Amino acid sequence: MWGVAKILIVDDQLGVRRLLFETFRGDQHEVEMAADGEEAVEMLKTFKPNLILMDMKMPGMNGIETLRQIRALDRQVGVIMMTAYGDAQNMEQAKELGILHYLGKPFDLFELRERVRDILAEV
């Protein structure tokens, strides 16, 4: 089990990024934020997260395109996909690309923290 995990938050909404950043920092994890897919892919090269929390709908590269690029660099990193737009086709693609969990927005922060704790305990 991880003591401290590295978590990357990828969301184009600053409020969501800050909330998740503060939450997981409060849980003693090392947390970084990216505002879009391109930034996330760049950060992946240096930050090497254990877990990525990523929004599906972002300007530029969407969650699926970002996930494809992430998988090209790292087949192992855990990904939780967050979206207010749960269209079936995107979710199928995300599952094929190996996401661990899919979370609807708005999400329950306690539920998300529990899910992250469970995932990190399994790694």
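I start with the basis of the values, then go to the helices and the cores.

This is a predicted model, in which local features need pLDDT of at least 70, side-chain atom pairs count only at pLDDT 80 or more, and totals for chains, interfaces and linings use all residues. Residues are numbered from 1 along each chain as its sequence is written, and side-chain values use heavy atoms, with hydrogens and water left out.

First, the helices. The axes of α2 (residues 37-47) and α3 (residues 63-73) come within 9 Å and cross at roughly 15°. Axes here are lines fitted to C-alpha atoms, over the stretch in contact for helices, with angles from 0 to 180 degrees between N-to-C directions. Helices are DSSP runs of H or I with at least four residues, strands are E runs of at least two, and both are numbered from the N terminus. Angles under 35 degrees count as roughly parallel, so α2 and α3 are roughly parallel to each other.

Which residues meet? From α2 they are G37, A40, V41, L44 and K45, and from α3 T66, Q69, I70 and L73; contact means heavy atoms within 4.5 Å.

Now the cores. A nonpolar core is a set of buried Ala, Val, Leu, Ile, Met, Phe, Trp, Tyr and Cys residues joined through side-chain atoms within 4.5 Å, where buried means under 20% relative accessible area with a 1.4 Å probe, protein chains only. The largest core has 23 residues, and L8, V10, I52, M54, L67, M81 and A94 touch the most other members. α2 gives the most to this core, with five residues. Apart from this core lies another, of 18 residues, including F21 and I80.

Key. Angles under 35 degrees count as roughly parallel, over 145 as roughly antiparallel, 65 to 115 as roughly perpendicular and the rest as oblique. Buried means under 20% relative accessible area, exposed over 50%, partly exposed in between (1.4 Å probe, protein chains only).
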